[in-house]
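Hello,

Here is the structure I promised to pass on to you. Have a look at it first, and then read my notes below.

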Amino acid sequence: MAERSNQAERVFGMFKTMLLIREFELVAHEQLVAGLVPGAVHQSIGQEAIAVGVCANLRRDDLIQSNHRGHGHAIAKGADPVAMMKELMGRVGGTSGGKGGSMHIADFSVGMLGANGILADGVTMAAGAAQAVQLRGEDRVVAVFVGDGTTNRGPFYEGLNWAKVFNLPLLVVCEDNGYASTTATSTVTAGGGPAVRARAFDIPAVTIDGNDLLAVDETTAELVERIRNGGGPQFLHALTYRLMGHVSRDPALYRDKGEVDARWKDEPIGRVKSWLGENGIAPTEIAAAAEAAKAALADAVEQAKAAPFPDAVLASADVQDVGGPQCPS
């Protein structure tokens, strides 16, 4: 067999991360149904190529701001799935001590600043982080992941304006999955879409196939290099599709019949799997990678279930209380 290319090895590594994300999302839903995960789970199934392709081009000390559909972003940035599963179950050892849960995954140790359920506000928070980086004279990049529905909200524009005015090292990644919660974005959006809106602020914007891992990888590499070289904010508009409902229990009855089945044929993991087979990665290796992801998440679940719940006295820890009635005068 011919020696595999460096590109094939790189793509195979990213593929393994995509498999880990997919398995995490499936298992998170299973644990929700089993009553072990409180709240809601927002799955990113079908969007794995964007998280992985973007984060593969960021350094560990670079920063990301995520959203409620953020498990994939966290894993792609290097967060530990075991600690994340503990967080989902509200256990000791979770990434935020069990206080954030699924919607608020954060891990500062890998540059994951946190997830936010109000996506447009993530842009303003990321702009603030980017300004801090700039003021300190660092060469770090800040990336923020938003959805297409985000582009209809005011803070999105405020964040873009601020980023451009101050030439901040910010990469805005729009995961355009066609839906804002349960509403088809196209039915409530005027004009030419996310990229056009970014260009209105004189921010360079590029639209790509977000289900094409190689395209995401290559394009992000170019944009990140441009930002590090002082090129200011950049906008990546990645077209994809949310294969599951808004939350994992959502049957998505608002979609046209057959729509989801048709889009499964274009999902990113299957596309990468085909590419790997054509570029020297043996089917046995691909199958082993899938089994390894399943085993890793099975272990994460068992470790999370075995972890204790935090002591109740910790409920008020990490909570700022300035000027409250219990403060001495």
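Helices and strands here are DSSP runs, helices being H or I with at least four residues and strands E with at least two, numbered from the N terminus. The model is predicted, so local features need pLDDT of at least 70 and side-chain atom pairs count only at pLDDT 80 or more, while totals for chains, interfaces and linings use all residues. Residues are numbered from 1 along each chain as its sequence is written, and side-chain values use heavy atoms, without hydrogens and water.

Val82 is buried, at a relative accessible area of 14% (buried means under 20%, exposed over 50%, partly exposed in between, with a 1.4 Å probe and protein chains only). Asp299 is 217 residues away from Val82 in sequence, yet their C-alpha atoms are 7.9 Å apart. Beyond its neighbours within four places in sequence, Val82 is in contact with Ala300 and Gln303, contact meaning heavy atoms within 4.5 Å.

Next, the sheet. Six strands form an open sheet in the order β2-β1-β3-β4-β8-β7, with parallel pairing; two strands pair if DSSP finds at least two bridges between them. At the edges stand β2 (112-116) and β7 (205-209), each with a single partner strand, so one side of each has no neighbour in the sheet. Strand β1 (residues 63-67) pairs with β2 over three bridges, and Asn67 stands opposite Asn116 in β2.

Enjoy exploring!
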